[in-house]
Amino acid sequence: MRIALLSYRSKTHCGGQGVYVRHLSRGLAELGHDVEVFSGQPYPEGLDPRVRLTKVPSLDLYREPDPFRIPRPSEIKTSIDLEELLTTWTAGFPEPKTFSLRAARVLAGRRGDFDVVHDNQCLGTGLLQIAKMGFPLVATVHHPITRDREVEVAAARWWRKPLVRRWYGFVEMQKRVARQIPELLTVSSASASDILTDFAVSPEQLHVVPLGVDTKLFQPREGRVRNRIIAIASADVPLKGVSHLLHAVARLRVERDVELQLVTKLEPNGPTEKLIAELGISDIVHTSSGLSDEELAALLASAEVACIPSLYEGFSLPAVEAMASGTPIVASRAGALPEVVGPDGECARLVTPADVDELTAVLGRLLDSPRELRRLGDNGRRRAVEVFSWQSVAAQTVAVYEKAIARVAAC
């Protein structure tokens, strides 16, 4: 099968999208399929040699170290460039739409090259153009971004709420586009339920295929650091619940020599940095970002507990990576997290979202129980190996491709 895999941004640790593209494309290639990734910036890293990459460049207005840069007039060459610039200047987020429009232009001349086109989360209007060209189309919705919008708006000060709503303006486009794509993939039953509610798609459109994990890379290792907690957040936003964990860590340090490894890119002088300073825990909170897979795997395996205090998760790849590493988990009872980690007490301890008292107590009891740490870690490793693998993910995804191809052929 010849597969075009679209991803509007694909850096390895960019909301998990790069991880999904890299591992799914590799799994598909291992099954003997021909895969070409079409990606905007940041481009994917570490693609399998059998997978081709076609870059779909944008104005790259959010690139590091110059986010919200002002492009040179000579860079504005098309109406799509102009739309991207004007949307950014009016506080919107244009990438899902403008990437899809650019991808449609690229694919217009390659109708005979692919059997199926698979979009990863952009859900832009350009996908409808691609479908009109006759391509069988599949789209992955990891979770409805409406949930991010709700939490961000609720957390924003009154004067910022209109700006947050404007930033998430693309969500209404995603709803409209999703309803017109017959085959949608999502990563958990919880996420599927939320997509049905928020996007008003039909149950027949949705197919649940979980994410996978590299159990050879993420595995238990010797030398765990006593009282080390690790938390991984794809973005420094309220949805990830990091502030609640920081308050819990501040309380734990009163009686324990605790340490927090926080893997995320913090906003300079942002609320998380300020909270760390206000709580007086700068000496025990160590932040990092841009880690390689090897570095992340080593850090996960060095911790005694992995904490996922999110207010919502459509899946949570860090949870699966922690389980594969044999690292016990304390996670919020929110979104898909209970579905991913299994029943409370099997591989993880589940707590009420945003309840700092409960989070502090559960973390403390777990750190004081080496036997329970070993039991949860062993169970988590077993669950990761038995339930989550990229080979299985690829095979289940191909089955959905076949449905999309058959649907177009029948028209």
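**Exercises: cavities, a helix pair and a pocket**

The largest cavity has a volume of about 60 Å³. The model behind these exercises is predicted.

**Exercise 1.** Describe the lining of the largest cavity by residue, helix and class.

*Solution.* 
- Step 1: list the residues. Tyr8, Gly40, Gln41, Val56, Ser58, Glu84, Glu95, Thr98, Phe99 and Arg102 line the largest cavity.
- Step 2: find the main contributor. H3 gives the most to this lining, with four residues.
- Step 3: sort by class. The lining of the largest cavity has three nonpolar, four polar and three charged residues.
- Step 4: set the count. There are five cavities of 30 Å³ or more.

**Exercise 2.** Work out how helices H2 and H3 are oriented to each other, and which residues join them.

*Solution.* 
- Step 1: take the geometry. Helix H2 spans residues 79-89, and it packs on H3 at an angle of about 170 degrees. The axes of H2 and H3 are 10 Å apart.
- Step 2: apply the cut-off. Angles over 145 degrees count as roughly antiparallel. H2 and H3 are therefore roughly antiparallel to each other.
- Step 3: name the contact residues. H2 brings Ser79, Ile80, Asp81, Glu83 and Glu84. H3 meets them with Lys97, Thr98, Leu101, Arg102 and Arg105.
- Step 4: sort by class. The residues of the contact of H2 with H3 divide into two nonpolar, two polar and six charged.

**Exercise 3.** Characterise the second largest pocket by volume, central residues and class.

*Solution.* 
- Step 1: give the volume. The second largest pocket has a volume of about 270 Å³.
- Step 2: go to the centre. This pocket is lined by 13 residues. Closest to its centre are Arg224, Gly326, Pro370, Leu373 and Arg374.
- Step 3: sort the lining. The second largest pocket has four nonpolar, two polar and seven charged lining residues.

Definitions and conventions. Residues numbered from 1 in each chain as written. Predicted model: local features only at pLDDT ≥ 70, side-chain atom pairs only at ≥ 80, totals over all residues. Heavy atoms only, no water. 1 Å grid on protein atoms, 1.4 Å probe; cavity = no way out; pocket = protein on both sides within 12 Å on 5 of 7 lines; lining within 4 Å. Points joined across faces, edges and corners; volume = space filled by probe spheres on them. Nonpolar A, V, L, I, M, F, W, Y, C, P; charged D, E, K, R; others polar. Helix = DSSP H or I, 4+ residues; strand = E, 2+ residues; numbered from the N terminus. Axes fitted to C-alpha atoms, helices over the stretch in contact; angles between N-to-C directions. Parallel < 35°, antiparallel > 145°, perpendicular 65-115°, else oblique. Contact = heavy atoms within 4.5 Å.
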